[in-house]
Amino acid sequence: MELYPLEELARDIDAENPPPLSQGGFGGITLACNVKSREEVDAFMKMVQQHGGVIAKQPRDVFWGGYSGYFRDPDGYYWEVAYGPDWEFDAHGMLRIEDAD
């Protein structure tokens, strides 16, 4: 989980046309699917589109050094599909998150 300014998150989804923040629009919650490669991001987004998902932001290199894109599910929730070059996954394919302490 991460706290991120609402207006900046909306602009991260689409800098030129951010989702509206008004009632019934963008509520400031995004879900994430973290994958192991840029190719997996692209394949996931292609699958979403083939099944009628709405691509909100095509995958691209992002400011934090990774590669990601956004889509909207049938209930209107935004999902980020992301890859980070420094991410490590365990034997079960789960992203390892180390304690910063």
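Predicted model: local features only at pLDDT ≥ 70, side-chain atom pairs only at ≥ 80, totals over all residues.
Strands here are DSSP runs of E, at least two residues long, and they are numbered from the N terminus.

**Strand β4 and its partners**

- Strand β4 runs over residues 78-83, and five of its six residues are buried.
- On one side of the pairing story is strand β1 (residues 30-34), which pairs with β4 in the parallel sense over five bridges.
- Strand β3 (residues 67-72) also pairs with β4, but here the sense is antiparallel and there are six bridges.

**The hairpin and its loop**

- β3 and β4 make a hairpin, with five residues between the two strands.
- In the turn, look for G76, which has a positive phi of about 90 degrees.

**A nonpolar patch on the surface**

- Y77 teams up with I29 and L31 in a nonpolar surface patch.
- Taken together, I29, L31 and Y77 have about 280 Å² of accessible area.

**D61 in strand β2**

- D61 lies in strand β2, which spans residues 54-61.
- D61 has a relative accessible area of 54%, so this residue is exposed.
- Setting aside neighbours within four places in sequence, D61 is in contact with R38, G66 and Y67.
- With R38 there's a polar contact between the two side chains, at 2.5 Å.
- D61 and R38 are 23 residues apart along the chain, and their C-alpha atoms are separated by 9.4 Å.

**K57 in strand β2**

- K57 is also found in strand β2.
- K57 has a relative accessible area of 6%, so this lysine is buried.
- A polar atom of the K57 side chain lies 2.8 Å from the backbone oxygen of D12.
- Not counting residues up to four places away in sequence, K57 touches D12, I13, M45, V62, G69 and Y70.

Terms used:
Residues numbered from 1 in each chain as written. Heavy atoms only, no water. Buried < 20%, exposed > 50% of the residue type's maximum accessible area, 1.4 Å probe, protein only. Helix = DSSP H or I, 4+ residues; strand = E, 2+ residues; numbered from the N terminus. Pairing = 2+ DSSP bridges. Patch = residues over 30% accessible without salt bridge, like charges linked within 9 Å, V, L, I, M, F, W, Y side chains within 5 Å. Areas by Shrake-Rupley, 256 points an atom, 1.4 Å probe, with all protein chains shown as cover. Salt bridge = Lys/Arg side-chain N within 4 Å of Asp/Glu carboxyl O. Contact = heavy atoms within 4.5 Å. Polar contact = N/O pair within 3.5 Å; in protein donor to acceptor, adjacent residues only side chain to side chain.
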